[in-house]
There are 2 protein chains.
Amino acid sequence: MTAKENLRPGGRSARVQASVHKAVRTLLNAMDRSEVTIPLIATEAGVTPSTIYRRWGDLQELLADVAVERLRPDMQPVDTGSAKGDLQAWAEQYAEEMSSGPGREMIRDVLAAQDNANACKCHAFTREQMELIGVRAAERGESFPSADVLMDRVVAPILYGVLFGEAPTSRRVDGLVADVMAERPAAIPRQRASAPKSA
Amino acid sequence: MTAKENLRPGGRSARVQASVHKAVRTLLNAMDRSEVTIPLIATEAGVTPSTIYRRWGDLQELLADVAVERLRPDMQPVDTGSAKGDLQAWAEQYAEEMSSGPGREMIRDVLAAQDNANACKCHAFTREQMELIGVRAAERGESFPSADVLMDRVVAPILYGVLFGEAPTSRRVDGLVADVMAERPAAIPRQRASAPKSA
């Protein structure tokens, strides 16, 4: 069960959603998440529990819905003047945010929901950021990997580390970025008349 | 809170663990996971609920503990005669198992626990499989990427896909394997007197 998308801004439905999301964030700040219940959220939001059940199905879906909103990027990737610099700055910030306590909790909430629509939304948010960096690179005339390659080579290893291993250090993140960027000249040799070294 | 490791086989503690794990698996097969509770598990296992609370802390930790045991590989990677073949066969099976309903559920259980010791265990199981393929490759005199490179280039993208996107197809998995293996000659050029193509 997924919360309805494309709510009319300011409509009753949008106001209920905003109020319930705010109630969840307030409660998560004030108490342990295992103590947060739908009746508590309903009281805090000023709606009936059945409004919440009808709209989100269960607590886990609601928590996932709130988490994914918090994971939505609130800024464009920083423009450092070069594609590699942009990617590096973005990846370091991403690794830091995802490794933080709240970051891990949000990923866990998104993944705990049965419905994986929210997990796919997270993927789409991140991929968009990669595309934005790519558009800027193209405008500067820089060669840059595709968003899919960046998801595989930078994003996936960072998230894997956050979830299954150790928080990736900035040195580790820089290594991932350097590796994927180092392959750029080699990635298009057949389109060139001569190989870079023998030219 | 993590269940004690290195139980004396056949000891009381090991018998309790085996019985509780079995009860969890039986109940998960018989009913929806949202209906499974510690009192039900205790009844099925023939122990008191407090035994379970004392040992595992809460339901989520117990489910994670059971899930990680099910994720423990029960066989060595298939020997296909070549390192690339071994890796490909292993990766296809891994992607298939992790994308399946029970596979996703197990990953979710492991990640839902507050304690990430179980998530790290999953990582260690997988890394061991990579090392086993590497040892075989070395015995055959084949060049093969390190286990860390394989975790980044094959395992992380597969799991990222399972969790955040679409189940990786076998074509996609083969692409990841082909990419990481294609770089092998280029990875050791300085140790050679002449480049492969100009020789």
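Mentor: In helix H5 (residues 83-99) of chain A, Trp90(A) and Tyr94(A) are 4 residues apart, so about one helical turn separates them. Keep in mind that this is a predicted model.

Trainee: Okay, and why does a gap like that matter for which way residues point?

Mentor: An α-helix has 3.6 residues a turn, so residues three or four places apart point the same way.

Trainee: How many aromatic pairs are there over all chains?

Mentor: The count comes to 4. One of them is Trp90(A) with Tyr94(A): the ring centres are 4.7 Å apart and the planes meet at 15°, under the 30 degrees cut-off, so the pair counts as stacked.

Trainee: Are those two buried or exposed?

Mentor: Trp90(A) and Tyr94(A) are both buried. In chain B, Trp90(B) and Tyr94(B) have ring centres 4.7 Å apart and planes at 15°, so they are stacked as well. Trp90(B) and Tyr94(B) are buried too.

Trainee: Switching topic: what sits over the ring of Trp56(A)?

Mentor: That would be the charged end of Arg55(A), 5.1 Å from the ring centre. In chain B, Arg55(B) lies over the face of Trp56(B), at 5.1 Å from the ring centre.

Trainee: Now H4(B). What happens at its start?

Mentor: A side-chain oxygen of Asp58(B) comes within 3.1 Å of the backbone nitrogen of Gln60(B).

Trainee: And which helices do the buried residues of H4(B) pack against?

Mentor: Those buried residues, among them Leu62(B), Leu63(B) and Val66(B), pack against H1, H2, H3, H5, H6 and H7 of chain B.

How values were computed
Residues numbered from 1 in each chain as written. Chains lettered and ligands numbered in written order. Predicted model: local features only at pLDDT ≥ 70, side-chain atom pairs only at ≥ 80, totals over all residues. Heavy atoms only, no water. Buried < 20%, exposed > 50% of the residue type's maximum accessible area, 1.4 Å probe, protein only. Helix = DSSP H or I, 4+ residues; strand = E, 2+ residues; numbered from the N terminus. Contact = heavy atoms within 4.5 Å. Polar contact = N/O pair within 3.5 Å; in protein donor to acceptor, adjacent residues only side chain to side chain. Phe/Tyr/Trp six-rings, centres within 6.5 Å; stacked < 30°, edge-to-face > 60°. Lys NZ or Arg CZ within 6 Å of the ring centre and 35° of its normal.
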